[in-house]
Amino acid sequence: MGEHQVSEQVNEEQLQAFMRALLDDVEALEQLLRDDRIESGVRRIGAEQEMFLVDRALRPAPLALEVLERAADGRLTTELARFNLEANLCPLPFGGDCLRRLEAELSDVVGRAAEAARAVGADVLLAGILPTLRAGDLRLENLTPSPRYHELNRALLQLRQGDFRVSIHGLDELEMTHDNILLEACNTSFQVHLQVGAREFAPLYNLAQVVTAPVLAAAVNSPLLLGQRLWHETRIALFESSIDTRPTDRDVRQHRPRVHFGDGWVREGALELFREDIARFRVIMTAETGEPPAAVLARGEVPDLRALRVHNGTVYRWNRPCYGVADGVAHLRVESRALPAGPTVLDEVANAAFFFGLMSGLAPEHPRIDLEMPFEDAKANFFAAARHGLKAQLTWLGQSLPAAELVLSRLLPAARAGLSAAGIDAGDIDRYLGVIEERVRRGQTGAQWALGSLASMAGRGTPEMQHRALCAAMLARQQEEARGGSARPVHTWEPAALEPDLDLLRESYRTVGQFMSTDLFTVRPTDIVDFAASVMDWRHVRHVPVEDDQGRLVGVVSHRALLRLIARGAASPNGSAPPTVASIMRPDPVTIAPETPTLEAMRIMREQRVGCLPVVAGERLVGIVTERDLLDVSARLLEAFLRDG
């Protein structure tokens, strides 16, 4: 929907006018379908590339507008956040050297964006979710300053009637709320398009729903979010939460999320999906719609159905129907949105080749996949693939198989046959599907490489340093590919290495949120002092935060306070109630935020004469920094300084 001028702060009259235009567009599409004026007998492919901008510390760089101005490339455009960009690639006829041309254009447009980024002190990184992202990067100031993004944020929050809530459980767990839509900006994808005819839309769309799971299982590249190891493709879980407009106080009604896989097979065609999404999902954005489509049709021309396209851009099916017009001819596409960006351009094109090959190869063999496979199996496969990648167990035509076995034994041969039948050059088939085959045989997707790298760095450095090391390794290998060196797909990568130099260490300790302790043990004001003393003894800590029943920080108990209590002889009174934490804690302790500079935290500790600083975000305790933490930071920096010297 990026090409549409969206109205800001719409009133009820504008909404009604837009709805009228939307219904007119549906009628026009019906007529186009009746008159057989949707292009058929033609296969084209296309793609959209989303990317992160990172600074020299490999943190998000909110410089999208500056990069776009320098790049001056019509294929590049803004995305939701100022640290994201999107590239729209040219459609290509499906056949011959189209995959090689797709890879060449991808490399070119990413390279142009990277060149412009480097001119303003940044770079481009392809990653499903950037490992160095932090919650502080998702503040509203990083929303791209465009009316459509601000209106989208306002409208979705209004529908939500409260903050967005994320709850994702994987190796770690992430539970959080957020007050704007920038959680969506944590995701970058590589979206592929396949043009299909109107009469074949339903069976091919259903087939896309089926093949998305195994393709995704082999392509996963997003295992980290805000420092937590979650799903192998965490984008799937996050995107469904990040713009979930269902009210927080849901009743027994079955509200559908705007991001969804679907609830059943398509029976009739694209019109069925457009109608369902209009009926189910409220209009949240409007735009100038221009000439009524009936008048355009009456002249024998093809309408652009702008209202339909704007609304369709606010409903996020993982496989989405798309209507478009090219050279005065209307067409339909299946847009597959599940694949992540990265780890390399070659990996991305290999994923696309696998998807296109399966669509081409399985269609003749399974013309009605909806009669052979329960929809529930396709949906369950999709989420299993997102959670577990190649370790997922998938149900394929009634048989349960490990994803890797299914891909190697059944689907890669079908994809090879499909690409060959489409006339794809034999050398390109070997190149791209060979990448998939080796990736699956070795079991090293982008997600598995990242998780394995973290495991190899366990116990060394801070999580911040480890995540930066991941980004540094990804960027180095992507730049090697961009410089024209031999492309190294992710299955050939060795684990990322933690090689801290002084600059890396300095960037890793600039703010307390980068190294604070987050695995916290807390007590309540009503707990007995003996319990607080036991926690300190068991965990070898000298300070314990005190929270109330709502999780708000209300004080801190120190080892010194316990010693004072013992010195007064009040630790074990005879015949009276034992003292509670409330009687010895320091109420209203001095606190800092995760964004507080480390030097500022040191100054506060010195001036306030405190041994610890609780770190709070809003009213919630999110971490703690102690004198020991700062001593460790100083020791590491001094060691690196002396070594480099």
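Helix α1 passes α7 in a left-handed crossing, a crossing being left-handed if the near helix is turned anticlockwise from the far one by less than a right angle, and right-handed if clockwise. Helix α1 covers residues 12-34, and its axis runs 11 Å from that of α7 at an angle of about 170°. The two helices are therefore roughly antiparallel to each other. Angles under 35 degrees count as roughly parallel, over 145 as roughly antiparallel, 65 to 115 as roughly perpendicular and the rest as oblique. The axes are lines fitted to C-alpha atoms, for helices over the stretch in contact, and the angles run from 0 to 180 degrees between N-to-C directions. Helices (H or I, at least four residues) and strands (E, at least two) are DSSP runs, numbered from the N terminus.

This is a predicted model, in which local features need pLDDT of at least 70 and side-chain atom pairs count only at pLDDT 80 or more, while totals for chains, interfaces and linings use all residues. Residues are numbered from 1 along each chain as its sequence is written, and side-chain values use heavy atoms, with hydrogens and water left out.

Ile 528 lies in the loop between α17 (502-508) and α18 (529-539). With Phe 531 and Trp 538, Ile 528 makes a nonpolar surface patch of about 320 Å². Patches are made of residues with over 30% relative accessible area and no salt bridge; like charges are joined within 9 Å, and nonpolar side chains (Val, Leu, Ile, Met, Phe, Trp, Tyr) within 5 Å. Ile 528 has a relative accessible area of 37%, so it is partly exposed. Buried means under 20% relative accessible area, exposed over 50%, and partly exposed in between (1.4 Å probe, protein chains only).

Side chains of opposite charge can pair when their charged atoms come close. A salt bridge is a side-chain nitrogen of Lys or Arg within 4 Å of a carboxyl oxygen of Asp or Glu. By this rule the count comes to 49 salt bridges. The table lists some of them.

| Salt bridge | Closest N and O atoms |
|---|---|
| Glu 233 and Arg 235 | 2.9 Å |
| Lys 379 and Asp 263 | 3.5 Å |
| Arg 439 and Asp 347 | 3.0 Å |

Glu 233 is buried at 0% relative accessibility, and Arg 235 is buried at 3%.

Lys 379 forms its salt bridge with Asp 263. Lys 379 lies in helix α12 (residues 375-388) and Asp 263 in the loop between β11 (259-260) and α7 (270-280), so the pair ties together parts that are 116 residues apart in sequence. Lys 379 is partly exposed at 28%, and Asp 263 is partly exposed at 39%.

Arg 439 pairs with Asp 347. Arg 439 is buried at 2%, and Asp 347 is buried at 0%.

Salt bridges also link Asp 73, Arg 75, Glu 105, Asp 108 and Arg 112 in a network.

Leu 99 is found in helix α3 (residues 98-119) and is buried, with 0% relative accessibility. The C-alpha atoms of Leu 99 and Arg 431 are separated by 10.0 Å, although the two residues are 332 residues apart along the chain.

Methods. Areas by Shrake-Rupley, 256 points an atom, 1.4 Å probe, with all protein chains shown as cover.
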